[in-house]
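Hello,

Here is the structure we talked about handing over. Please open it first, then read the notes below.

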Amino acid sequence: MDFRDSPEEAAFRDRLRGWLTEQAGAFPTSGDEYWARQGDWHRALHAAGFFGLSWPKAYGGHELPPVYDVILDEELARAGAPARPSLGYLVQGLGRHGSEELRRRFLPGMIDGTERWCQGFSEPGAGSDLASLTTSATRDGDTYVLHGHKIWTSYSDVADWCLLLARTDPDAPRHKGISAFIVAMDQPGIEQRPLKMMSGVTKEFGQVVLDGATVPADQMVGAPGEGWALAMTVVGHEREPSTLGFTARYGKLVRELLARTDGTPPPELSWAIVETEMLRLHVRRRLSEQLDGVSHGPEGSLDKLLMTWTEQTVGHAALAVGGTGDPDLLHAYLYSRAQSVMGGTSQIQKNIVAARILGLGA
Amino acid sequence: MDVRLTAEQRQLRDAAARLANDLGPGAVLDLDDADRIARLEKAVEATGWRALRSDGASGVEVALVVEEFGRGLVDVPLLGPVLADDLAPGASSATVAVAGAARDARGMRQAVEPEGGRVLATEVGPLTSGVDLTRRDAELRGNREQIATLTDEAAVRWRTLALVATSADLLGTARGAHALAVDYAKIREQYGRTIGSYQAVAHLLAEGLALIEGSISVLRHAAWAVDELPPDEALHAARIAKLYCARAARTVCETAVQVHGGIGNTWECLAHVRLRRALASAELFPVRLEEIDRGLS
């Protein structure tokens, strides 16, 4: 057991630290400016060799051990840089369920950032109960025609592609009639409706209305009816701090709060330090366990709860240090309230832990 | 970077778990079973684990054994003797003295403590009653005698080990309390269903498991740091672990009392025995939030 970097890891960390020093201040880290420039940040990280660390080389990754993502997140936090783009869950979904042809066509652009992606899962009537989704995909020759309404679609306005769930068999049992598609976002039949979040951010979330948009049948991911399995892969990874890289955000903010504090920190900030350290070490443990080939299961829901408590503790620390008068800190606090909803609510995570780990079924 | 336990460490943990399962108290009545305690004492003494540190064991190994003994409510000394052995290797039948009392002192003859560059030893007097029903304090008797000297760095290392060991006991205690509550939630029925099938109960237990997972992660780093990081960094890691594990354990033990309902508030339920042990381990070598006055690693 060793928490220290191996010589290779240390060399990687040094190289990364040097590059981050050169980039200092070049990319905005919060608010609409962050979302507006996120694509540039993604491409810069990838071009410098610091993104897609554990993914296959064939698709633009580096095939490094999973713990390299810990180093990336730690150094991003230390440098005060933006967090890495959180699209590992889409890579996992397409990588595990897509054909080799689809993987070769779409993964490289997803990983290097030359093509932007969004995820079309949730609907106004299908939130926690995702399997009740009603967006339809109807076969018409070599294409499917889409009708429906997606919501909470991050970066939909800048996305080139959407990994979309739609019902292809209205008569099948509800989990079995869903298929997944790769849909081009720039086409007639797709209407974007922005959503302004309570923090004031307008560039992150969107709504997507599909009214006769089309998708080639060969851009279905997996077989007809395999959409639910893909969705479970995606949301499983969407719950893992090791996939999302959010620890960088928390570490950066805690450092900023400490820099603004004279003397003994307020108790909220001390707790934020404790929680942020816990999560950083938890991610190290989880990524080490992946060396045993530990698969992604319901444990991701435990990680999501820990991540949520950490973010919301940091949010309270931001309020304690800055009050409501500091726009950036107020934004950080308001944004933290979304963490117990996005990617599956805390209540859903607790249901999963109770049923699938603790065996507390009905 | 690879923070998995080694095969040897997993074997040690499993051996400690077996011993605790076999001879630890399975019910409140067992706490008064002198025959069981005598067999447990003999078994623990035979393992040599009270001298883990002078046998060259790392902080990680100490933490694993202490954790399993906490989970199994082992009610003969381990934590105290391990800390005494680290402070004064070779001192026989020794536990630690803290704030004028011998701790974890059942059957121990002397208590050692650090003070201003010296290690002092005192004879252990009669056992006293306290919050913890499984590890007993005792009075100190006679004069304190210097038996060794201690560098500042060694004193900080020892304090770090003490924080790690008490954190490990807290984690084990939380795991034991959580398992007790989950088992009960699966058999107790109300309104014709097991209470664990209700979200109101299930969510408390899910939160408890997340707190335990966080405790494992933070403790493992602190336990490793005892021997591997510079003293001030290791102490910082141990303080973070102690704060996290103490809060988590108290919450999980309180949940165990709540899930047991009325029974959980009675003397005969083991939930309060675990809660009491958690309170004692939090209070022994306490950490205040104000001590977290520096940033992230």
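**The interface of chain B and chain A**

The rule finds six salt bridges across the interface of chain B and chain A. One to look at is Glu207(B) with Lys350(A), whose side chains meet at 2.6 Å, N to O. Please keep in mind that this is a predicted model.

Which elements of chain B give two or more residues to the side that touches chain A? They are helix H5 (152-187), helix H6 (199-228) and helix H7 (231-259). H6(B) has the largest share of that side, with 18 residues. By class, the side of chain B that touches chain A has 21 nonpolar, 13 polar and eleven charged residues.

The contact takes 45 residues from chain B and 52 residues from chain A. About 4,400 Å² is buried between the two chains. Carbon and sulfur atoms give 69% of that area. There are also 16 residue pairs in polar contact between chain B and chain A, counting pairs with both residues at pLDDT 80 or more.

**Inside chain A: domain 1 against domain 3**

How many salt bridges does the rule find across the interface of domain 1 and domain 3 of chain A? It finds two. Look at Arg284(A) and Glu74(A): their side chains form a salt bridge at 2.9 Å, N to O. The same rule-based search gives three residue pairs in polar contact across the interface of domain 1 and domain 3 of chain A, both residues at pLDDT 80 or more.

Over all chains, the structure holds 52 salt bridges. One of them joins the side chains of Asp129(A) and Arg174(A), at 2.9 Å, N to O. The pair links distant parts of the chain, 45 residues apart. Asp129(A) is in the loop between strand S1 (117-120) and strand S2 (136-140) of chain A. Arg174(A) is in the loop between strand S4 (161-167) and strand S5 (178-184) of chain A. Side chains of opposite charge can pair when their charged atoms come close.

**What the record says**

In an unreviewed entry, UniProt lists residues 118-211 of chain A as "domain: Acyl-CoA oxidase/dehydrogenase middle". In the model, that span is 0% helix and 45% strand. Its end C-alpha atoms lie 18 Å apart.

For chain B, UniProt places "domain: Acyl-CoA dehydrogenase/oxidase C-terminal" at residues 165-279, also from an unreviewed entry. Residues 165-279 of chain B are 83% helix and 3% strand. The end C-alpha atoms of this span lie 14 Å apart.

Best wishes

Conventions. Residues numbered from 1 in each chain as written. Chains lettered and ligands numbered in written order. Predicted model: local features only at pLDDT ≥ 70, side-chain atom pairs only at ≥ 80, totals over all residues. Heavy atoms only, no water. Contact = heavy atoms within 4.5 Å. Buried area = accessible area lost by both parts, 1.4 Å probe. Salt bridge = Lys/Arg side-chain N within 4 Å of Asp/Glu carboxyl O. Polar contact = N/O pair within 3.5 Å; in protein donor to acceptor, adjacent residues only side chain to side chain. Helix = DSSP H or I, 4+ residues; strand = E, 2+ residues; numbered from the N terminus. Nonpolar A, V, L, I, M, F, W, Y, C, P; charged D, E, K, R; others polar. UniProt positions renumbered as here; feature names shortened; annotations may be inferred.
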